[in-house]
Amino acid sequence: MQKISDIAGVTEITPDAPISGRQHGSRAKCLQRLIRMGLPVPQTLALDVGTVRGIAAGQFPDTAQLLGVFPDGTLVSVRPSSADPDWGGPGTVLNIGMNDARHADLSQRIGRPAADALYRRFIQSYATEVARLDADLFQDETDIAAMCAAFEAETDDPFPQDPARQLADILRAMARAWEGTSARLLRQAKGAPADAGLGLVVQAMVLGVGDPAGGEYGSGVIQFVSSATGLPQITGRYLSQSQGREALLPGAGALYLTRDARGAALEDLAPDVFDMLQTHGAACRQRLREEMQIEFTIQGGRLNILDAVRVRRTSRAAVRIAVDLADDGVIPRDEAVLRILPRALSDLLHRQVDPEAHTDSFARGIAASPGAATGRLAFSARAAQAYAAREEPCILVRRETRPEDVRGMHASVGVLTARGGITSHAAVIARGLGLPAVVGASQITIDRKARALTGPDGRRFREGDVVTLDGSTGRLIVGAAPLLEPALDDAFQSLLSWADDLRDIGVRANADTPAEATQARRFEAEGIGLCRTEHMFFEDDRLTVMREMIFAERTEDRAAALEQLLPVQRADFAALFRIMRGQPVCIRLLDPPLHEFLPADRTGMMDLAGALGLPLAQVGERIAALGEFNPMLGMRGVRLGIAVPEIYDMQARAIFEATVESGTGVVPEVMIPLVSARREVELVKARVDAVAAQVRTATGEDFAYRLGVMVETPRACLRADEIAEYATFLSFGTNDLTQMTYGLSRDDAGRFMGAYVQQGVFTEDPFLRLDLDGVGELLTMGAERGRRTNPDVILSVCGEHGGDPESIAFCRAAGFDYVSCSPFRVPVARLAAAHLAIRDRGFPGAKPPDR
């Protein structure tokens, strides 16, 4: 036989061969580990990345020499071996070396039917993968002579009989397939670098077919955990008289792996082989530190291991597998935490469309809030509330949402908008409520009068039609798609408990309602980092009173209306304090402009006129007077609190009275929004302090509170040293800060953001991923300047970026004390923070050592 050392770039895989994942790929390295473990792996050669690149360029190793390494007459297979199996690669080709002479020899040894099956399969593979011929010309029922004749008719050459040529042609086809443009783009989409190389392995064939009198023949795969749940379960497939998934002989069929009353099983047919597979599976788990799927072939009753790959798994299964490996001492807890990508937890927190189900998608938008929901289409908040009253799930459909739509969102199981981006009003509120949302679905056309929407293919859906909304992928699906339930099991809880022991930055939740606060507690947030009080005013009974206050022209009339709102605000805050059980609760005083509480359509104006006993014309004039050309930069936030101070006085009183009433010992945090100047803080602080003194006197109870600022304007970052003199905390609202820094509306940016990212103007949507160079520099300046005058000032981020792992890394590096995000992103933030802390300690990494 030929010596392998004579062939440059080709290495026989042995226990001590110089095989590396970088040079030879993950499959080659894993096969070496299986050989080191003593598993029965057929003789295998590895071609390194450089050699395969050379083959693509026309520089071939001597394939006759390469085949000479194997015993005479050995058929071989060629399999791809990339650095990461998730990058894909060309398909495996089996039975290389099959020709007329080998066919005649095998016909004598294993029977004509088996030899025919092997030869047919190779002709099919060569014709389609190398010669690029139509697969229909080479169907199984065609005999070998006819297949060879068809090949010659299409190529003007006889089917090649030289095994060395066959191997060279297949190596070249696979190498060039890897270098193709489509293949490169596909693997780059999966995270592969542009220059990722491919290794190849050439392995002696174990045929899997033969005379049953000589023992069992067949092939299969086996794994020992469920891909769906990660729980122990033997699963896979086995086919007698087969190669891979293909039965090659008449009468061959699938067997159960484990003993089963419904039919024959491998456990009964070949109990020794089945026992060995279980032993090998346990050894792989222990030595490779992973749950592996084993590919095997049985030849005359003897087991051969062809390959082993990591078990494919859902996010739920990945968590269970990592936790069980750690509990069994196979891997340390640090590594178990690192093995789970933070964003993967979103799949566990919400219902998901069953990935195995066949679905009919009719449109797509931006996946703005994860999870899936099925319901009837509702084109207004009122319609959504009507469905909820009948206990029928519905999906709220709007061109874009406004604050008055929050009631409809509460009544819905999902939200769909034609406009908006990842941080639009609909997206932010949906994430806070834990509702699946698809926004920016510009493919659909909404007809509000007809209460219908039309998809890009012309299909029309009316109010009441059932659809499924997939907020994890952005898909809109016809009808009720099969859904998988969320999985907050003991493995999930264990993983996050370990993460909490490791992380070194706090994680709070943005929560506006008792339901959201309860969810925040469920996900073990360390308090509420942002409570937006404006959302409390949109309930029907409160909205009318709020509108009365807005329409009041005299101070005493406004005070009378606010006096009606005081008890409901106090009750809201007391409920939050009791739910959070003494944890910090940061309450943002009223932020939006007053016109957002007023109706925008004629029907709403008529209802308001009736409620207030005013002429419709007067209502219209008042609404028009409150309108602004650019409300985002108008009379909102602290400007409203200074212009109409009675509002903030009422809210401060409600907070402090609730503090006393709840009896939880909470230290409430009062946050002033949209500050730009120190004097704004001085004015509001003076009034808040006065209200606190009045409540202390009236109740006879003492209490503490903190007053801070929401830093949302570039000027606030630049003047943070002055502002911090009057603040105990600075909470950076990165949603508005990004808008103002870029001069972008988050609700409208979705119209062009895709083009900007695609053409490299932005590396990523700055509302989705914190802009480290621009907005990040403002955050750093604000933090440094704030601590220059107030070293004890508490720093946090409370925008949507607070739940983004990359943004958390920035906040942690900048010395922030905590991040705050929507409740359903809290687990993601907790895990991401743990990842950062572990890596800072120099842990070698999360990826398992093998495939």
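Which residues of helix H15 (residues 381-389) are buried? Point 3 takes this up.

1. This is a predicted model: local features need pLDDT of at least 70, side-chain atom pairs count only at pLDDT 80 or more, and totals for chains, interfaces and linings use all residues. Residues are numbered from 1 along each chain as its sequence is written, and side-chain values use heavy atoms, leaving out hydrogens and water.

2. Look at the open sheet. Its five strands run in the order E1-E2-E5-E3-E4, with antiparallel pairing. Helices (H or I, at least four residues) and strands (E, at least two) are DSSP runs, numbered from the N terminus. Two strands pair if DSSP finds at least two bridges between them. E1 (10-12) and E4 (93-96) are the edge strands; each has a single partner strand, so one side of each lacks a neighbour in the sheet. Three bridges join E1 to the antiparallel strand E2 (residues 44-47). Glu12 has Leu45 in E2 as its bridge partner.

3. Now helix H15. Its buried residues (under 20% relative accessible area, with exposed over 50% and partly exposed in between; 1.4 Å probe, protein chains only) are Ala381, Ala383, Ala384 and Tyr387. They cover an arc of only 160° around the axis, so they lie on the same side of H15. The arc is taken from the directions from the helix axis to the C-beta atoms.

4. The face turned away from that buried side carries the exposed residues Arg382 and Ala389.

5. What do the buried residues of H15 pack against? Strand E16 (372-378), strand E17 (394-398) and helix H16 (406-410). Contact means heavy atoms within 4.5 Å. After H15 comes Glu391, with a positive phi near 60°.
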